[in-house]
Amino acid sequence: MSPRTAARPNAVRDALVMIGHSVTVARRTPTTVLSATFLPIILLLTMTASFAKIVNPDGSYADYVNWVLPLLVVMGIVFSSLTTGIAAHQDLHSGLDDRLRTLPMARSAPLVGRIVGDAIRNLVTVLVVVALGVVLGFRFDTSLFAIAGFFAVPLVFGVGFAWLAVAVGLRAATAENVESWLNAALLVVSFLSTGFVPQHDLPGWAQPIAEVNPVSSVVEAMRTLAHGGAVAGPLLSSLVWSTGLTAVCSVLAVRSYRRRAPR
Amino acid sequence: MTPRGTVGAGAADSRPVPAGTAPTARLPRPLLLLDSALLGGRHLRLMGRRPASIVGAIVLPMVFTLLFFAVFQRPMARAGVDYAQYLLPAVIIQAVFFTGGAAAVLAAEDAAGGLLRRLRCLPIARAAPVGGLLIADVVRVLISMVVLIPIGMVLGFRFAAGLIAAAGFVAVVGLFAVTLCAGYVVLGWWAGRPEGAEASANLVYFPLLLLSNAFTTAAAFPDWLEPVVRNQPITRVADALRALSTAGAATARPVLIALGWLVPLLLLFGLLAARTFGRRR
């Protein structure tokens, strides 16, 4: 080994580089752009146009926009996080990750880059969906503080979910396999929630599922933060889900990421 | 079918060709059906080895059937619609869209991976590459239907218009599958990249399917949108399928309107497919 050693890695600077990498890759991946922006936008437009009068015959289309918007934010977040999980899998198996390990960079940077990159993408999703929602009649009836909470709740949940997606991506044997099954599973959690219809309109067997479903908690918390109501219960349970997912999945992700180290 | 590389009837048999004749004269006459079947078999094998296509053909349509039924059955019943009867044509149409999207990706892979260029220099029927994809797609749609119809029946769907109408139902689905997938194959070849093909397939799928009366009644849409919803081709296909599965419904008119959409579109897509295949890109 030569006496000149490489510069000490700077964790913050390296993380910023990897965040930039994640954001660039996300922007240039059609399926990510599609599920982060196009999917929630088109669902907000079409589900409102087609089901508003069915779900609530007495309400207006704008009423249904106010009702369904939180779910579509959550769907945009979870479905696009899936593509990040796939990207983590591909980096690990395509050699990019091996290349990064040979560089004098902070070991934490690749994972931090993924999670923060996801958070930025999720922020874009929330802003885009809310902007379109306001055009269609979405309104906040609460304080500025609650509105800030409205934006924070899906982002915090998004961090937990991003850890889940990365953990699955790092541990999965084949990306395609996991992607298609998770896709189906995410549809189930999105639909069997109180997102599209009120809980009493779900069939009896689905009501307990919707009750414990984290998507319901996040959606209900966002609804009450935007329109008022009992916020404590759903807010608490969505925070519990978010921190639980973060705690468990970040440990799993970091562990499987470390395990690959000596090669 | 364009018998490329053949010169008259003499090329059909395998008699030795005198020296000095153009080399193309020795090539056998291509057979559209055989070539298509061979390429179709290849696509089916590829699909069978991909978990994603099995999930897309069987699991996702099942999941959507159950989810839509679970979530919207009560609200639809309030609106006076028997949702089990209403939903089955919708999820079959959706399964056809899934197959079409997969066909676009397969077609783009063939274009990107060089198979299309290779096929172009073989003495095969010019329509066989698209024919092969379509054969595989129809088989896949039939598999989806074999899974979905029993599930629909468990939920309460019935072929209430008799056996002949039920056969007509399957035939309309088949024609719809061939038409839509031909369009998707052209899209996939044009996109030339699997990722781009998948993204553009979704751009077609969401508005066409969700702004139709497939999952909900046309009357539920805003007034200004309702005429578009009522008259677009997916609605027309759904109308025909519902007429063919409802007791005492007038079938002739909805079926003819659906055919009026599907047959010209199929001709158009077939023409575009042949032209796209014939061109170097």
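This is a predicted model: local features need pLDDT of at least 70, side-chain atom pairs count only at pLDDT 80 or more; totals for chains, interfaces and linings use all residues.

Modeller: Start with the kink: α3(A) bends by about 40° at Val68(A), shortly before the proline Pro70(A). The bend is the angle between axes fitted to the seven residues ending there and the seven starting there. Helices are DSSP runs of H or I with at least four residues, strands are E runs of at least two, and both are numbered from the N terminus.

Colleague: What span should α3 of chain A have, and how far apart are its end C-alpha atoms?

Modeller: Its 34 residues (61-94) should span 50 Å at 1.5 Å a residue, and the end C-alpha atoms are 47 Å apart, which agrees. The expected span is 1.5 Å times one less than the number of residues.

Colleague: Is α3(A) mostly covered or uncovered?

Modeller: Covered, mostly: 28 of its 34 residues are buried. Buried means 20 or more other C-beta atoms within 10 Å of the residue's own, exposed means 12 or fewer, and partly exposed is in between, with C-beta atoms placed from the backbone. Just after α3(A), Gly95(A) has a positive phi of about 105°.

Colleague: What follows α5(A)?

Modeller: Gly137(A), again with a positive phi, near 115°.

Colleague: Switching to the interface. How many residues of chain A are in contact with chain B?

Modeller: 27 residues of chain A are in contact with 32 of chain B; contact means C-beta atoms, placed from the backbone, within 7 Å. The largest share of chain A's side, eleven residues, comes from α2(A).

Colleague: How does that side of chain A divide by residue type?

Modeller: Into 19 nonpolar, five polar and three charged. Nonpolar covers Ala, Val, Leu, Ile, Met, Phe, Trp, Tyr, Cys and Pro; charged covers Asp, Glu, Lys and Arg; the others, Gly among them, are polar.

Colleague: And chain B, how many helices and strands?

Modeller: Ten helices and zero strands. Buried residues make up 46% of its 281 residues.

Colleague: At what angle do α9(B) and α10(B) cross?

Modeller: Roughly 145°, with the axes coming within 8 Å. Axes are lines fitted to C-alpha atoms, for helices over the stretch in contact, and angles run from 0 to 180 degrees between N-to-C directions.

Notes: Residues are numbered from 1 along each chain as its sequence is written. Chains are lettered from A and ligands numbered from 1 in the order in which they are written. Two residues are in contact if their C-beta atoms, placed from the backbone, lie within 7 Å.
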